Amino acid sequence: MFTLSPSLVTLLADIVGSEGVRTDPSSLEHYGKDWLKKFSAAPCCAVFPRTTKEVQDIVRLAITHKLKLVPSGGRTGLSGGATASHGEIILSLERMNRILEFDESGGLISVEAGVLTLTVHEYLAPQGLFFPIDFASKGSSMVGGNIATNAGGIRCIRWGTMRDWVLGLTVVTGNGDILNLNGKLVKNQSGYDLRGLFIGSEGTLGIITEAILKVTDLPGDTARILCGSQKAENFLQILARLRLHAKGLSMFEYFSHECLESLGEFGVTHDPFNETYPHYGLVEFEIDNSKERDSLEDLFSSFIEEELLDNVIISASRKQADELLAIRESIPEVLNSRALLHKNDISVPVSSIAHFLPVLRECLRDAYPTCRVAVFGHLGDGNLHVNVIMPSNISKKEFEIQSSEGDKKLFELISRWKGSISAEHGVGLLKKPYLHYCREEPEIQLMKSIKKILDPHLVLNPGKLFDL
Ligand SMILES: Cc1cc2nc3c(=O)[nH]c(=O)nc-3n(C[C@H](O)[C@H](O)[C@H](O)COP(=O)(O)OP(=O)(O)OC[C@H]3O[C@@H](n4cnc5c(N)ncnc54)[C@H](O)[C@@H]3O)c2cc1C
């Protein structure tokens with residue numbers, strides 16, 4: 001267990017108030033790790049600033065006293081990025097949770113970094129507006145964490161990632177400087193776009209304290225279609241046809257039959273079709289009128305006639321559309337809560353994804369001959385979440401050894417397919433040893449040089465992404 005000297009606790013309390021510093025074991029355990037829970041929590045303290053100036057003062061104190069800081073949002077991250085295992089101070093943005101301004105004419109919302117993703121959705125919806133970054137953990141994740149991980153989510157195919165929605169950023173760098181980047185400007189070609197450096201930087205370059213986000217119109221009606229297919233390859237043809245012939249495609253998700261089977265076993269839902277299929281797709285469209293719904297029905301009937309799909313359920317009401325989405329969204333939570341998993345979050349070019357799936361299956365069968373593997377993800381973005389379920393007849397240690405060998409095989413495959421070892425969850429601690437499978441050495445060296453400029457005292461999130 002790590003402890004912070006009473007004099008340093010007092011100095012922190014002078015900055016944030018005594019209620020903004022916690023050193024009790026249950027708080028340290030709670031704030032010391034993220035959703036992954038693979039790495040144990042061992043911070044020395046958790047600190048909760050209320051303003052950008054307080055964040056700056058904490059960073060300056062950390063520089064002076066050679067302390068390390070772990071920026072922390074909703075801790076829904078899945079790479080150990082917000083984990084403090086070596087006596088670091090957790091810097092939680094939890095108390096910076098105000099919506100600062102809604103700028104109607106600019107189509108913008110200014111928020112502090114600790115605002116929940118769901119709060120942004122709920123604030124905008126009554127005004128007919130929409131923030132399209134959306135995923136199952138939105139009730140706990142925070143805007144700062146979404147930016148630091150460049151979060152994607154289920155509607156990336158239509159709306160892109162967090163990067164596409166951040167107009168302005170306020171950041172405190174590891175050097176203790178406050179940077180106000182771009183503000184509300186839509187056009188600003190006056191040199192390097194420094195915002196981009198912090199988006200997806202996993203808390204290693206600066207602490208994001210405020211953001212100005214773009215918003216868009218709330219979609220009208222939604223149609224969701226659950227598809228069952230014998231062949232994953234067919235989904236690529238379907239995706240191509242939908243891009244050409246259908247309007248408003250906003251989601252193309254995938255899950256394997258093992259995912260549905262696991263949900264059933266855990267009593268969460270039962271198979272929506274009477275038969276089982278090896279592969280399922282969940283497709284969503286934003287639709288304006290019943291004519292558009294009719295043409296979707298025609299299109300999906302033709303997919304059945306051409307034997308590209310075996311079965312479809314087209315949502316007939318809002319309630320049914322929500323039920324179909326709930327199947328897909330409950331998969332990560334149910335798998336995580338009921339079984340010990342080895343997880344990977346990989347991507348390949350979208351045009352390769354359907355052909356990649358059978359090759360991936362082969363690789364996983366070879367690496368994990370006795371394990372069940374549940375694969376789901378954002379097929380329309382080329383992004384798959386691979387979940388290897390630990391069998392009950394092996395020890396945790398044996399499973400770890402098998403997973404580490406399995407990762408090497410998987411990442412060699414990813415490298416050959418010109419993919420990424422981390423599509424959206426980040427590198428953090430979990431994927432750090434494998435970065436070289438998708439980033440070349442000169443790129444890694446450049447990243448390290450940037451880190452040394454913005455965090456020269458190596459105060460921020462040590463040991464994450466790469467070692468220095
Ligand atoms: C059930 C479930 C489903 C998910 N689905 C998706 C999905 O579809 N798409 C997706 O992209 N992700 C998904 N995730 C992963 C996760 O929710 C996202 O990565 C999310 O953006 C993390 O936000 P957070 O606030 O929880 O960040 P945290 O977990 O607290 O932190 C994540 C990283 O960001 C850093 N950080 C946090 N706040 C700041 C800040 N203010 N300044 C600088 N650095 C900071 C941390 O140090 C850490 O490295 C899912 C997670 C779960 C549990």
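Modeller: We will look at a cavity, then at a strand and its partners.

Modeller: This is a predicted model, where local features need pLDDT of at least 70, side-chain atom pairs count only at pLDDT 80 or more, and totals for chains, interfaces and linings use all residues. Residues are numbered from 1 along each chain as its sequence is written, and side-chain values use heavy atoms, with hydrogens and water left out.

Biologist: How many cavities of 30 Å³ or more does a search of the whole structure find?

Modeller: Rolling a probe the size of a water molecule over the atoms shows where empty space is left. A cavity is a set of points, on a 1 Å grid over the protein atoms alone, where a 1.4 Å probe fits but cannot get out. Here the search finds one.

Biologist: Which residues lie nearest the centre of the largest cavity?

Modeller: Lining residues have an atom within 4 Å of a point. There are 13, and Leu78, Lys343, Asn344, Asp345 and His425 lie nearest the centre. Strand 16 (341-347) gives the largest share, three residues.

Biologist: Why is strand 10 largely enclosed by the rest of the structure?

Modeller: Strands are DSSP runs (E, at least two residues), numbered from the N terminus. Buried means under 20% relative accessible area (1.4 Å probe, protein chains only). Strand 10 (residues 206-214) is largely enclosed because seven of its nine residues are buried.

Biologist: Which strands pair with strand 10 in the antiparallel sense?

Modeller: Two strands pair if DSSP finds at least two bridges between them. Strand 6 (residues 108-112) pairs with strand 10 over five bridges, with Ser110 opposite Ile212.

Note on methods
On a 1 Å grid over the protein atoms alone, a cavity is a set of points where a 1.4 Å probe fits but cannot get out, and a pocket is an open set with protein on both sides within 12 Å along at least five of seven lines; lining residues have an atom within 4 Å of a point. Grid points are joined across faces, edges and corners, and a volume is the space filled by probe spheres set on the points. Helices (H or I, at least four residues) and strands (E, at least two) are DSSP runs, numbered from the N terminus. Buried means under 20% relative accessible area, exposed over 50%, partly exposed in between (1.4 Å probe, protein chains only).
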